[in-house]
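Here is a short briefing on one structure.

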Amino acid sequence: MTDWPVFLRELRAEEDRWRHTPADHADSVPWMPFDMARFVMFLTEAVAASPGPAFLDVGCGPGSKVRLATALFDLEAYGIEIDPKMVTRALECGVQAVHADALAWPAYNEADIVYLNRPMQGGSQASLEMQIMDRMAPGAVLISVNALLRPSDFGWETVAAEWDARDGVWKKP
């Protein structure tokens, strides 16, 4: 049985340790974790709308959100990350993490839930968001925060969204 207070403190400490770590890749931004409570809220909505248990974190950093998705909902969770130091740390924490460039990732269609917290900047970020939306399978669910694009503008069903509709959960038609 999970000792939730201990587990959550560990995740918070891990996120604090890596917060604002300088990016190793030109198009990347420093790793800045999304608020854990809001993530859990969006993840709960995503799981309820999802066709299956495969969860992908794009730009997973040290893997805290992957660990949370696994612990809370027993999802088949994994992440991709361009920073080799982050991948090494995620692997040390027991996370299935792959060193990969999100723009070159070929398997977005294999995930039932994709989580994206703006791992890039500018035009690269918009390109990544479009690529993910194009490549996800019909019925799959996107949790997107700090986004440039609104999936609902592209015909996606809004499952849950914040007032500005840039943070939320959407289902691909």
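Are Phe34 and Phe42 buried or exposed? Phe34 is buried, and Phe42 is buried too. The model is predicted, and every value below is computed from it.

**Aromatic rings**

- Two numbers matter for such pairs: a pair of aromatic rings is described by the distance of the centres and the angle of the planes.
- Across the whole structure, a search finds four aromatic pairs.
- One of them joins Phe34 and Phe42, and this pair is stacked. The ring centres are 6.2 Å apart, with 15° between the planes.
- Phe39 and Tyr115 form an edge-to-face pair. Here the distance is 4.8 Å centre to centre, and the planes are at 70°.
- Phe39 belongs to helix 2 and Tyr115 to strand 4 (residues 113-117), so this pair ties together parts that are 76 residues apart in sequence.
- Both partners are shielded: Phe39 is buried, at a relative accessible area of 0%, and Tyr115 counts as buried at 2% relative accessibility.
- Ring pairs also bring in Phe55, giving a cluster of Phe39, Phe55 and Tyr115.
- Phe39 has a charged neighbour as well. The charged end of Lys65 sits over the Phe39 ring, 5.7 Å from the ring centre.

**Helix 1**

- Helix 1 covers residues 4-18, which is 15 residues.

**Cysteines**

- A disulfide is a covalent bond between the sulfur atoms of two cysteines.
- How many disulfides does the structure hold? It holds zero.
- For Cys60, the reason is distance: the closest cysteine sulfur, in Cys93, is 10 Å away, too far for a bond. The cut-off for a disulfide is 2.5 Å between the sulfur atoms.
- Cys93 is likewise in no disulfide, as its nearest cysteine sulfur is that of Cys60, 10 Å away.
- Cys60 is buried, with a relative accessible area of 2%.

How values were computed. Residues numbered from 1 in each chain as written. Predicted model: local features only at pLDDT ≥ 70, side-chain atom pairs only at ≥ 80, totals over all residues. Heavy atoms only, no water. Helix = DSSP H or I, 4+ residues; strand = E, 2+ residues; numbered from the N terminus. Expected span 1.5 Å × (residues − 1). Buried < 20%, exposed > 50% of the residue type's maximum accessible area, 1.4 Å probe, protein only. Phe/Tyr/Trp six-rings, centres within 6.5 Å; stacked < 30°, edge-to-face > 60°. Lys NZ or Arg CZ within 6 Å of the ring centre and 35° of its normal.
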